[in-house]
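Student: Please take one part of this model and go through it closely, strand by strand and helix by helix. I would like the pairing and packing spelled out with residue numbers.

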Amino acid sequence: MSQHEQFMAQAIQLAWKGLYTTDPNPRVGCVIVKNDQVIGEGWHHRAGEAHAEINALHDAGHNAEGADCYVTLEPCSHFGRTPPCADALIRAGIKRLFVAMTDPNPVVSGTGMQRLEQAGIEVHQGILTSQAEQLNPGFIQRMRIGRPYVRSKMAMSLDGRTAMASGESKWITGPEARADVQKLRARSSAIVTGVGTVIADDPLLNVRHVADWYPHGEAIRQPLKVIVDSELRMPANAQILNDEKVLLFTACDRMVRNDVETIVLPAPNNQVDLSGMLSVLAKREINEVMVEAGAVLNGALLRSQLIDEMIFYVAPKLMGDAARAVFHLPGMDYMAQNIELDITDIRAVGNDWRITAKPHYNEAF
């Protein structure tokens with residue numbers, strides 16, 4: 001690894017500190033280097049507060065003049081909630097800028113680096129780009145194609161079952177896996193579930209036990225709760241409806257409760273238009289969506305090629321062929337219709353295994 005890559009890797013590690021707190025902004029890290037020594041570092045803590053570059057410049061103080069700046073995302077060039085970081089770097093007298101990736105936001109894309117070059121600052125880009133992209137899959141996808149990054153979480157037995165035929169499912173996985181799920185929820189902008197899950201489990205789907213794994217629990221905000229209920233079967237007394245951040249999508253032109261925001265979004269099959277739902281969420285600055293649902297909604301999302309990543313928590317149990325499957329996928333009769341997965345990570349979580357995979361969508365599916 002070159003010295004430039006080492007400094008950028010340090011900036012990336014700083015950016016990860018904002019994993020649970022920057023939404024809807026991207027996670028960004030920055031280091032200021034002079035005479036091959038880091039003299040300032042910073043990361044974006046939360047939306048509305050100073051960006052990574054400003055925090056790093058503040059840390060470096062007057063020593064920033066003539067120094068190099070390593071930042072994981074192109075410095076902003078526009079006035080948002082805070083002034084442009086590009087202007088701050090120019091005023092500080094930065095000599096060289098090293099950027100991991102161009103900002104995918106069309107309002108910024110390329111203009112931040114251009115402004116710095118026009119000010120006589122040497123600009124280099126493309127250092128550890130793939131690692132920097134992993135920081136913000138949702139923000140990047142929302143800016144590029146107008147859709148959040150969809151991550152589906154499933155707990156299942158070793159024979160691929162999520163509940164007994166009776167619907168009983170507590171608990172398939174152990175406490176360590178359930179605690180790990182809280183981290184996935186905390187990094188998500190929204191949690192999507194189906195009405196079937198609400199009827200069966202009456203879940204809250206909130207981030208819990210934060211103090212057990214995150215020292216700054218007060219900084220974590222609860223994600224938006226999204227319910228897909230095509231026929232409006234939602235019980236009016238479901239406890240999730242008491243959440244102040246809940247949104248219900250249906251195909252019926254009526255409301256379950258006057259105090260619950262409801263969006264009617266029918267598809268030709270009298271189901272909720274799932275692609276349209278994700279577009280609505282993107283317009284509300286939802287970056288990462290976590291799906292915690294049953295086989296029907298997971299199957300529908302998969303058939304629509306809308307799941308970007310799957311996380312399976314696999315328990316060393318067998319539940320039998322009468323138990324419920326992970327996906328409802330009728331019409332898959334031939335091997336040519338199978339969906340291949342790229343497994344990107346496998347690790348033990350307590351007595352269970354966590355498998356992370358990305359689907360390859362077959363055109364025949």
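Tutor: In this predicted model, strand β8 (residues 190-194) pairs with β12 in the parallel sense, over 3 bridges. Within that pairing, Ala-190 has Val-289 of β12 as its bridge partner. Strand β12 also pairs with strand β6 (residues 149-157): the two run parallel and are joined by 4 bridges. Here the bridge partner of Arg-151 is Met-290 in β12.

The side chains of β12 (residues 288-291) can be sorted by direction. In a regular strand, side chains alternate between the two faces of the sheet. Glu-288 and Met-290 point one way from β12, Val-289 and Val-291 point the other way, and all are buried.

Another part to examine is an open sheet of 5 strands, with mixed pairing and the order β2-β1-β3-β4-β5. Its edge strands are β2 (37-43) and β5 (122-125), each of which pairs on one side only. From one strand to the next, the twist averages 15°. Inside this sheet, strand β1 (residues 29-34) and strand β3 (residues 68-71) are antiparallel and share 4 bridges. Val-33 stands opposite Asp-68 of β3. Helix α4 (residues 111-118) lies across β4 (96-99) and β5, and runs at about 150° to β5.

Two further helices, α2 and α3, contact each other. The axes of α2 and helix α3 (residues 85-92) come within 9 Å and cross at roughly 20°. Angles under 35 degrees count as roughly parallel, and α2 and α3 are therefore roughly parallel to each other. The crossing in which α2 passes α3 is left-handed. On the α2 side, the contact is made by Glu-53, Ile-54 and Leu-57; on the α3 side, Cys-85, Ala-88, Leu-89 and Ala-92 take part.

Glu-53 deserves a separate entry. This residue belongs to helix α2 (residues 52-60), and UniProt, in an unreviewed entry, places the feature "active site" at Glu-53. The relative accessible area of Glu-53 is 4%; the cut-off for buried is under 20%, so Glu-53 counts as buried. Leaving out residues up to four places away in sequence, Glu-53 touches Cys-30, Val-71, Leu-73, Pro-75, Cys-76, Cys-85 and Leu-89.

Methods:
Residues are numbered from 1 along each chain as its sequence is written. This is a predicted model: local features need pLDDT of at least 70, side-chain atom pairs count only at pLDDT 80 or more; totals for chains, interfaces and linings use all residues. Side-chain values use heavy atoms; hydrogens and water are left out. UniProt positions are given in the numbering used here, feature names are shortened, and annotations may be inferred rather than shown by experiment. Buried means under 20% relative accessible area, exposed over 50%, partly exposed in between (1.4 Å probe, protein chains only). Contact means heavy atoms within 4.5 Å. Two strands pair if DSSP finds at least two bridges between them. Axes are lines fitted to C-alpha atoms, for helices over the stretch in contact, and angles run from 0 to 180 degrees between N-to-C directions. Angles under 35 degrees count as roughly parallel, over 145 as roughly antiparallel, 65 to 115 as roughly perpendicular and the rest as oblique. A crossing is left-handed if the near helix is turned anticlockwise from the far one by less than a right angle, and right-handed if clockwise.
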